[in-house]
Amino acid sequence: MKDSGFQIEHCRSNCPKSARNWQNLNELLTKNLTALNLHQSLADKFSPVLHHHIPKICLAGCPNGCSHPNIKDFGISGYVTPRITDVPCIGCNECVRSCLEKAISWNPSGIVIDPARCLSCGDCQHVCPSGTLTEGETGWTLRSGGRVGRHPRFAKPAGQVQTDEEVLTWISDTIHRYIENGKTQERLTHFLERE
């Protein structure tokens, strides 16, 4: 909402593809960004406050990114890496069929995962009937600087973190730098490019 000084969009609730619960992070971000009184801080810096000054944040529960994290100032997508356990693979190939990235193959000695192709979406873990594949590391993939308009641009990777608190710190610190160092009428994505 414009009056809050920020906008948060997110994927739909109860999506079966979700690799990470985004609802808790949504509540944490809303509470903390509201407490920062961003609308007033932006008004003090940029008068009048235009739509492009307002930080746009997108939360996605998985790498599919249906909520468009690649075109927001801050894009946050959940990930969960697959972990191969000691439970013997039964050779059903459900994980192989489920992987849209073709990152999983099977041979007589078991499952092989190509980490260069794996997006850590969690699909393979959901379909594994034997428990050979289970949840490994889980966290958030961060992107910044996305936009549409005259000069559209996909957000650039900004790393990965494991906790909601790390996401909050990253966004809050970046917004503070924007308010302190942004040029007059400078769009947030342009500031992120310059920074």
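Which backbone oxygen does the side chain of R20 reach? The side chain of R20 comes to 3.0 Å from the backbone oxygen of Q162; a polar contact is a pair of N or O atoms within 3.5 Å, where within protein one must be able to donate a hydrogen and the other to accept it, and residues adjacent in sequence count only if both atoms are side-chain atoms.

Before going on, a word on how to read this structure. This is a predicted model, in which local features need pLDDT of at least 70 and side-chain atom pairs count only at pLDDT 80 or more, while totals for chains, interfaces and linings use all residues. Residues are numbered from 1 along each chain as its sequence is written, and side-chain values use heavy atoms, leaving out hydrogens and water.

Back to R20, which sits in the loop between strand 1 (7-10) and helix 1 (23-35). Helices (H or I, at least four residues) and strands (E, at least two) are DSSP runs, numbered from the N terminus. R20 has 16% relative accessibility, so it counts as buried; buried means under 20% relative accessible area, exposed over 50%, and partly exposed in between, using a 1.4 Å probe and protein chains only.

Let us move on to helix 5. Its 18 residues, 164-181, reach 26 Å from the first C-alpha to the last, close to the 26 Å expected at 1.5 Å a residue; the expected span is 1.5 Å times one less than the number of residues. Several residues of helix 5 are buried, among them W170, I171 and Y178.

Two of these residues lead us to the aromatic pairs, of which the structure holds three. Rings of Phe, Tyr and Trp (its six-membered ring) pair if their centres lie within 6.5 Å, and planes under 30 degrees apart count as stacked, over 60 as edge-to-face and the rest as tilted. F74 and W170 form an edge-to-face pair, with 5.3 Å centre to centre and 85 degrees between the planes. F74 lies in strand 3 (residues 74-84) and W170 in helix 5, so this pair ties together parts that are 96 residues apart in sequence. F74 is buried at 0% relative accessible area, and W170 is buried at 18%.

Y178 and F191 form a tilted pair, 5.5 Å centre to centre with 50 degrees between the planes. This pair links Y178 in helix 5 with F191 in helix 6 (residues 188-194), 13 residues apart. Both Y178 and F191 are buried, and together with F46 they form one aromatic cluster.

The backbone has some details to look at, too. A cis peptide bond joins S47 and P48, with omega at about 0 degrees, and P48 is in the loop between helix 2 (38-45) and strand 2 (56-60). S120 has a positive phi near 60 degrees, though it is a residue other than glycine. S120 lies in the loop between strand 5 (110-113) and helix 4 (123-127) and is buried, with a relative accessible area of 11%.

N93 has a positive phi as well, near 65 degrees. N93 is in the loop between strand 3 and helix 3 (94-98), and is partly exposed at 26%.
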